[in-house]
Amino acid sequence: MESILSCTLALLLAPLFPGVINKTKAFVASKKGPPLLMKYYTLAKLLRKGSVYSTSSSFVFKMGPTVSFAAAAMPLFFIPLAGLPPLFSFQGDVIVLFYIMGIGRFFTIVAALDTASPFEGMGAAREAFFSMLAEATIFAVLILFYRMNGSLSLAEYFHGDKAVSLTGPAGALLLFVIVAMFMVLLTENSRVPVDDPQTHLELTMIHEVMILDHSGPDLALIELGAFFKLFFYSAFITHLLQPLTSFGALANALIFYGVLTLVYVAVGVTESTMARFKMNLVPKYILTSFTLVFFAAILTMGFLQ
Amino acid sequence: MDNLVQIDNGVAISRADIPCLSPENFGLTLADFVKNDGFVVQFFAYAEHGGHRLLAVLRNDKLYATGCEVGAEFPSLTGWVSEKFHMFEREIAEQFGIRPTAHPWLKMVRYHPNYAGRADVFGNDYQNEEIPGRYDCFRVEGEAIHEVAVGPVHAGIIEPGHFRFQCAGEEVLHLEIQLGYQHRGVEKMLPTVAQRRLPIICEAIAGDTAIGHNLCCCQAIEALAGLKVDAGAQLVRTIALELERIANHLGDLGALSGDVAFNPPAAYFGRMRGDFLNLLQVLCGNRFGKGLVRPGGVAFVMGAEQRKLIIDKLDEIEPQVKNVCDLLFTAHTVQARFEGTGPVSREMAADLGLVGYAGRACGLAYDARVAFPTECYGQLPHNTNEMTNGDVYSRASVRREEIMHSLALIRLLLKRPETTAQAVMMEERPLAADSLVVTINEGWRGEVSHCVLTAADGSILRYKVKDPSFHNWTGLAMSLRNQGISDFPLCNKSYNLSYCGFDL
């Protein structure tokens with residue numbers, strides 16, 4: 001029951017946190033910034049609208065938003081939140097989840113290609129390439145976690161006695177993972193320095209350009225899906241950062257959402273202090289995160305046996 | 001040099017003094033001049049005694065003019081002499097139906113029927129067909145080549161223009177820029193309107209260069225009407241032109257920083273641009289300086305109160321400008337984005353005849369304020385540029401240096417005591433008959449030039465306007481060669497050329 005409540009809370013709060021990023025960025029630029037609840041207003045506005053479909057696009061185009069939304073929402077049912085066990089869990093769920101997210105991306109990409117717009121094709125090519133590189137990092141993390149606690153389930157990574165933790169025996173290695181996963185978070189969620197969520201320049205965008213033709217409720221689903229995805233990655237990092245949860249339920253929740261907010265603030269600070277990379281430097285950036293985790297994985301070979 | 005007559009910036013000469021060569025001799029003279037480090041300021045056709053004439057205004061360290069009678073066609077200089085003639089020849093073909101023979105890329109410039117009522121050189125029927133939007137663009141063939149068409153309607157609130165990229169993956173092999181969507185017929189209209197409307201129309205040629213264009217117009221009328229401008233009015237005009245320069249450069253640095261997703265300077269620069277526009281408002285009540293410059297002087301006297309307001313604001317804002325520039329230019333991620341992006345070599349820039357900061361960033365030192373000084377510029381110190389690699393970083397650095405230089409100029413000017421005797425009002429004045437005047441000013445984008453020819457009755461026979469963008473758009477296209485297509489917005493912003501100034 002508590003898990004259901006916790007999961008529902010996460011689904012409801014996901015659109016709030018991007019507001020934190022925008023507030024942080026606005027603060028650094030000495031601006032007032034949009035209200036914290038802006039994303040809710042945007043979603044409400046989009047849901048009230050109708051969708052426009054090009055006569056030259058097919059059912060694939062209409063499927064894209066729904067599938068990608070479902071794929072983005074699923075991981076939130078599997079990740080422990082606020083010190084509570086997740087709703088569902090089975091051995092090997094991480095692998096399934098990351099590939100389900102891959103399916104979501106696949107449908108976003110084919111929907112973009114379906115429009116036959118030259119911009120969307122470019123965006124799709126970039127997204128496919130960069131997320132393929134990011135997958136290397138993610139699976140290196142899974143290998144490392146498997147060596148550390150012998151499981152392949154988000155629930156066991158972040159909940160219970162065997163949970164990976166900075167204070168654990170090989171905790172220092174998690175520092176690499178935290179940095180690498182933060183880099184992956186920025187990549188996968190189209191944040192600076194890989195992509196710029198605020199740009200309107202169709203030639204430079206990666207993710208945003210793929211959804212140019214979606215409108216109304218479709219766009220709302222895509223946006224909401226993006227919030228869930230960002231929430232999932234942030235929660236992943238939060239679990240690595242926070243001390244082991246063994247206080248009361250309320251304290252756990254406060255600590256969890258406190259650290260989570262800090263992760264979002266860190267995204268905002270990164271975006272305020274960095275320019276975007278040139279497109280041809282992005283692969284190097286992503287592969288750096290892979291190198292970090294791979295190095296950590298090599299270290300486990302030595303002293304964990 | 002018998003084939004050329006030397007002229008001065010803003011001084012009228014009799015049209016009888018302009019050489020009238022044979023077309024062959026004219027072409028050879030131009031070719032000879034341009035091949036020896038000469039540049040084209042103006043090159044256009046006008047109607048005379050039922051026929052047509054070509055007039056070229058050229059510059060090296062002095063200004064020259066020459067002309068010729070022309071029939072239905074003339075030999076193009078673009079292919080065998082220099083790219084500098086390219087757009088001018090296309091413009092002549094479109095405006096008067098005179099064909100430059102053997103032009104390598106003869107296309108429409110602004111999509112309008114010609115003024116002469118001849119058959120259209122491009123075979124367009126403007127009465128019955130929708131012409132804008134019909135383009136034959138240069139195509140690269142190949143299996144791996146894809147074409148990206150952007151515009152004329154863009155995702156941001158910018159002016160319309162069509163960009164056609166030929167790409168191999170992310171790499172741009174060729175970019176062709178097709179403008180003309182904002183054509184309003186300025187040149188055709190200017191000779192027909194009452195004299196008092198001329199400055200008002202010129203202020204609207206390019207909204208961000210209101211002072212630059214209007215100054216050219218007013219100086220031309222002054223030269224033709226024999227008006228003198230007192231020192232106080234010159235002071236105000238110079239300050240206004242520099243304020244316009246600072247405001248636009250600041251705005252563009254902010255936009256550059258926004259394009260690389262580095263937000264804080266974008267916000268600060270945006271605010272400071274507003275501060276400088278407000279100083280123009282202090283001078284004349286309009287944030288873009290409209291209604292300030294009028295033939296014979298300025299329409300608003302700068303009193304002690306305005307001087308104090310401007311000085312106080314400069315004292316407050318100058319350290320901020322320095323700090324935010326430092327913030328932008330010392331961020332290593334920004335440097336990584338700017339450096340080496342969109343380079344144009346010095347040779348290429350010289351062949352294209354780039355002007356303004358785009359040229360100076362490539363190492364072409366030409367600055368109309370130095371070469372052909374008007375107003376107070378003869379007594380003011382010059383600016384030099386350190387960074388001349390021709391990339392986005394150089395163009396941004398040149399702008400930063402110009403902002404600092406302009407701030408110093410305004411301070412120097414404000415120390416001078418002269419004030420205008422009185423504000424001038426627009427009046428109809430008789431213009432010298434059968435004369436030519438060329439005016440050149442360094443607007444914030446570069447060389448703005450107007451050229452006025454008067455008829456025997458003192459009416460305006462031909463009014464030719466040239467915005468620096470007319471030279472520089474080709475520079476942007478060349479910048480993109482072998483660059484990532486995702487760097488286009490950044491390159492574009494580093495030039496920030498005018499669409500309406502080009503389209504007229």
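Guide: Helices (H or I, at least four residues) and strands (E, at least two) are DSSP runs, numbered from the N terminus. Let's look closely at chain B, whose secondary structure comes to 16 helices and 16 strands. Its radius of gyration, taken over C-alpha atoms, is 22 Å, close to the 23 Å that the globule rule (2.2 Å times the number of residues to the power 0.38) gives for 504 residues, so chain B is as compact as a globular protein of that length. This is a predicted model: local features need pLDDT of at least 70 and side-chain atom pairs count only at pLDDT 80 or more, while totals for chains, interfaces and linings use all residues. Residues are numbered from 1 along each chain as its sequence is written, and chains are lettered from A and ligands numbered from 1 in the order in which they are written.

Along its principal axes, the C-alpha trace of chain B spans about 65 × 60 × 45 Å. Of the 504 residues in chain B, 54% count as buried (20 or more other C-beta atoms, placed from the backbone, within 10 Å of the residue's own). Take the contacts in chain B (C-beta atoms within 7 Å) between residues at least 6 apart in sequence: 68% of them join residues at least 24 apart.

Now for the domains. Chain B is divided into domain 1 (5-132) and domain 2 (186-503), with bounds from an automatic or database domain assignment. The centres of these two domains of chain B, taken over C-alpha atoms, are separated by 26 Å. Their contact takes 27 residues from domain 1 and 28 residues from domain 2.

Which elements supply the domain 1 side of that contact in chain B? At least two residues each come from β2 (13-14), β4 (39-48), β6 (63-70) and α2 (86-96) of chain B. The largest share, six residues, is from β4(B). By class, this side of domain 1 has 16 nonpolar, six polar and five charged residues; Ala, Val, Leu, Ile, Met, Phe, Trp, Tyr, Cys and Pro count as nonpolar, Asp, Glu, Lys and Arg as charged, and the others, Gly among them, as polar.

Strand β2 of chain B turns up again in an open sheet of four strands, in the order β2-β14-β15-β16, with antiparallel pairing (strands pair if DSSP finds at least two bridges between them). At the edges are β2 and β16 (460-466) of chain B, each pairing on one side only. Strands β14 (residues 435-442) and β15 (residues 447-454) of chain B pair over seven bridges. For a pair to find on screen, look for B:Glu442, which stands opposite B:Glu447 in β15(B).

A nonpolar core is a set of buried Ala, Val, Leu, Ile, Met, Phe, Trp, Tyr and Cys residues joined through C-beta atoms within 7 Å. The largest one has 241 residues, and B:Ala240 is among those that touch the most other members, along with A:Leu144, A:Val177, A:Met181, A:Phe231 and A:Val293. Its largest share, 16 residues, comes from helix α11 (residues 216-241) of chain A. Domain 1 and domain 2 of chain B both give residues to this core, so it lies between them.

Finally, 23 residues of chain B are in contact with 22 residues of chain A. The chain A side of this contact has ten nonpolar, six polar and six charged residues.

Note on methods:
A residue is buried if 20 or more other C-beta atoms lie within 10 Å of its own, exposed if 12 or fewer, and partly exposed in between; C-beta atoms are placed from the backbone. Two residues are in contact if their C-beta atoms, placed from the backbone, lie within 7 Å.
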